[in-house]
Amino acid sequence: MAEFWLVSAPGDPTPETTWSRLQLRTSTQSDLSENHRIHLPDLKVGTLDILVGLSDDLGKIDTYVEGVVRKIASYLSDILEGDSQEKLSENLKANGEDPQRYLANFHWDVAKYPVKQPLKNLSDIVSKQVSQIDADLKTRSSQYNQVRQSLQSLERRQAGNMMTRNLADLVSKEDFVTDSEYLTTLLVVVPRSLAGDWRLSYEKLTDMVVPRSSKMLHEDNDHCLFTVTLFRKVVDEFKLHARENKFLVRDFSYDENSMDNERSEMQRLESDKRKQFGPLVRWLKVNFSEAFTAWVHVKMLRVFVESVLRYGLPVNFQAMLLKPHKKTTRKLRDALDELYAHLEGASNSGGQEVVDIPGITTGQEYYPYVYFLLHLDLGENR
């Protein structure tokens, strides 16, 4: 699971110094994490009241956008139908590159999110964009799922064992008596181990069974499929005695029109699925990129807003992305707590008390530095 920590600390005295100290403490000296310096543009700060309200709004937008990103990734994984995680990764790109690389090499998209716009406007742009993607995803996935489920239903009828599957593709017209007012042909599923018993006993299960009328049409590992011809008036009695001997009479009427219609329906559904699949995968790839890059911009907006609220004006902080090395998270946390202990102020030490600070945290773990966690386990169940 790819875990990233997005943190910020005040310039001490400059952002460059803050970055150098973090890099020295967590990478050069102790090899605890892979670090990347994040360059944020000069965004419009606005008033304190706006920042406090926006802090809460961005938390909700963050959760929503992440959910849409994960839905797209999960659905793409689903429709690839068993293809490898490598195949999924080939399709989950952000602006044409791996999501982790995009995050590590983040550059603010000024075309989509103009830096001269107020922060509230930028958050509204993201919300509107991702809400439209979410709505389109529901429509497109519903259309494809309807075709896929109908096709799967037909396929299930033609698969499985002979106790339950559709038998139409195992029989032909010549196997049945179809032009008699008095006679009918039944299909009987017999356990393979009892095939000999069937041949010896089927004529004696009831009166009016046509002698030597049984023929085996198909067999698999577990069962054999037999025909038997008898008078219509004894069908119910024959079924009863067959069941007593562990022979299952399947309800089946030979109807060429119905069978042709089912084959045509399957061909139509297979064609519809193929036609929808390619455009749907392309749409998912494009809009995963759109949603993921929007999500990262929301994270960066949160870092900016929380940093201004935490560290004050003028804006002077450094945003940094840390990827903890395996089994180093506790040591990395301790290193950050030590590095930024002077920011603790009046807050209790220990770094993990759950507190509420209006405009800064709401029921989150509090640290003396701004901190957000990102999990990039996309396409996986969490």
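View 1. The strands β1 and β7 pair in the antiparallel sense over six bridges; two strands count as paired if DSSP finds at least two bridges between them. Strands (E, at least two residues) and helices (H or I, at least four) are DSSP runs, numbered from the N terminus.

View 2. Touching, or contact, means heavy atoms within 4.5 Å.

**View 3. Phe-292 in the largest nonpolar core.** Of this core's 61 residues, Leu-119, Leu-284 and Phe-292 touch the most other members. Such a core is a set of buried Ala, Val, Leu, Ile, Met, Phe, Trp, Tyr and Cys residues joined through side-chain atoms within 4.5 Å, where buried means under 20% relative accessible area (1.4 Å probe, protein chains only). Helix α8 supplies the largest share, 18 residues. Beyond its neighbours within four places in sequence, Phe-292 is in contact with residues including Val-69, Tyr-102 and Leu-378.

**Notes.** Residues are numbered from 1 along each chain as its sequence is written, and side-chain values use heavy atoms, leaving out hydrogens and water. Because the model is predicted, local features need pLDDT of at least 70 and side-chain atom pairs count only at pLDDT 80 or more, whereas totals for chains, interfaces and linings use all residues.

Notes:
Buried means under 20% relative accessible area, exposed over 50%, partly exposed in between (1.4 Å probe, protein chains only).
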